[in-house]
Amino acid sequence: MGLFITLEGGEGAGKTELARALAARLVDVDVVVTFEPGGTPLGAVLRERLFDEAHPLSPWAETFLFLADRATHVSEVIRPALARGAAVICDRFADSTVAYQGYGRQLDPTLIEALNRQAAGGLVPHLTFFLDVPTQQGLDRSQRARDDRIGRESIDFHRRVAEGFKQLALKEPDRIHTLDAARPADEVLEMAWTLIKPRLAMIGHRTSA
């Protein structure tokens, strides 16, 4: 069994940069860096539809498209990689759906958590990093906040999303670790690496530092 790491947070938190930096730290390891939505051929189609401002979606329609993306992503990418012992680093996973659709869209977070479990087939990350950055600061440095339908939602929406992530971190402190993403990227990397390294050692992976 491999190691499943997810990176979560609002717009401009630095998840993609951290995913690449963590992958570069691994030596002689099968590493899969992936993302949601869009980490499969079907996911790419769903991603385009999800973020297209020309075709608005109801909150629940949006949610079910994210769940369809997740179900395909887990079965086609994540589970096969974990089965061969890979380290999987995923930019967004189930927590994002709870935060964005549950808190941001003000749907039922408990129901969305239950739907997430079904879509992911019960798969839960071994380790999750919540990259916490002040909402306006994140939006200011996010390209997505200028480019797509969800990114351009109101500041109140994004504040609700941030609160959702904070509530999830309080609920699952053993899995979800909060990192101060307002700090320089190299410091965020070191904070994450400190938590990852012992887990890699436990499953026999070698690391560069």
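Me: Before we look at the hydrophobic interior, how is a nonpolar core defined here, and which residues touch the most other members of the largest one?

Reply: A nonpolar core is a set of buried Ala, Val, Leu, Ile, Met, Phe, Trp, Tyr and Cys residues joined through side-chain atoms within 4.5 Å. Keep in mind that this is a predicted model. Its largest nonpolar core has 23 residues, and those touching the most other members are L7, L18, L22, F129 and I196.

Me: Which elements give two or more residues to this core?

Reply: They are β1 (3-9), α1 (15-25), β3 (87-91), β4 (127-132) and α9 (185-202). Helix α9 gives the most, with six residues. Another core, of 17 residues, lies apart from this one, and L50, L57, Y100 and A169 are among its members.

Me: Let me take F129 as an example. What does F129 touch beyond its sequence neighbours?

Reply: Residues up to four places away in sequence are not counted. With those set aside, F129 touches I5, T6, L7 and E8, and also H177, L179, A192, L195 and I196.

Me: Now for the aromatic residues. How many aromatic pairs does a search of the whole structure find?

Reply: The search finds five. One of them joins Y100 and F165 edge-to-face, with 6.2 Å centre to centre and 80 degrees between the planes. Y100 belongs to helix α4 (residues 94-104) and F165 to helix α8 (residues 155-171), so this pair ties together parts 65 residues apart in sequence.

Me: Are those two residues, Y100 and F165, buried or exposed?

Reply: The general idea is to compare the relative accessible area with a cut-off: under 20% means buried. Y100 is buried because its relative accessible area is 4%, and F165 is buried because its value is 2%.

Me: What is the geometry of the pair formed by F130 and F165?

Reply: Planes under 30 degrees apart count as stacked. The ring centres of F130 and F165 are 5.4 Å apart and their planes are at 20 degrees, so the pair is stacked. Since F130 lies in strand β4 and F165 in helix α8, the pair ties together parts that are 35 residues apart in sequence. F130 is buried as well, with a relative accessible area of 3%. Y100, F130, F157 and F165 form one aromatic cluster.

Me: Which charged residue sits over the ring of F93?

Reply: That is R70: its charged end is 5.3 Å from the centre of the F93 ring.

Me: Where is H73, and what is H73 in contact with?

Reply: H73 is in helix α3 (residues 59-83). H73 counts as buried because its relative accessibility is 0%. Leaving aside neighbours within four places in sequence, H73 is in contact with T34, F35, E36, G39, T40, I78 and C90.

Me: Let's zoom out. How many helices and strands does the protein have, and what pattern do they follow?

Reply: There are nine helices and five strands, and along the sequence they read β-α-β-α-α-β-α-α-β-α-α-α-β-α. The radius of gyration is 16 Å, close to the 17 Å that the globule rule gives for 209 residues, so the protein is as compact as a globular protein of that length.

Me: What do burial and contacts look like for the whole protein?

Reply: Of the 209 residues, 50% count as buried. Among contacts between residues at least 6 apart in sequence, 76% join residues at least 24 apart. The accessible surface comes to about 9,500 Å², and 54% of it belongs to carbon and sulfur atoms.

Note on methods. Residues numbered from 1 in each chain as written. Predicted model: local features only at pLDDT ≥ 70, side-chain atom pairs only at ≥ 80, totals over all residues. Heavy atoms only, no water. Buried < 20%, exposed > 50% of the residue type's maximum accessible area, 1.4 Å probe, protein only. Helix = DSSP H or I, 4+ residues; strand = E, 2+ residues; numbered from the N terminus. Contact = heavy atoms within 4.5 Å. Phe/Tyr/Trp six-rings, centres within 6.5 Å; stacked < 30°, edge-to-face > 60°. Lys NZ or Arg CZ within 6 Å of the ring centre and 35° of its normal. Rg over C-alpha atoms; globule rule 2.2 N^0.38 Å. Areas by Shrake-Rupley, 256 points an atom, 1.4 Å probe, with all protein chains shown as cover.
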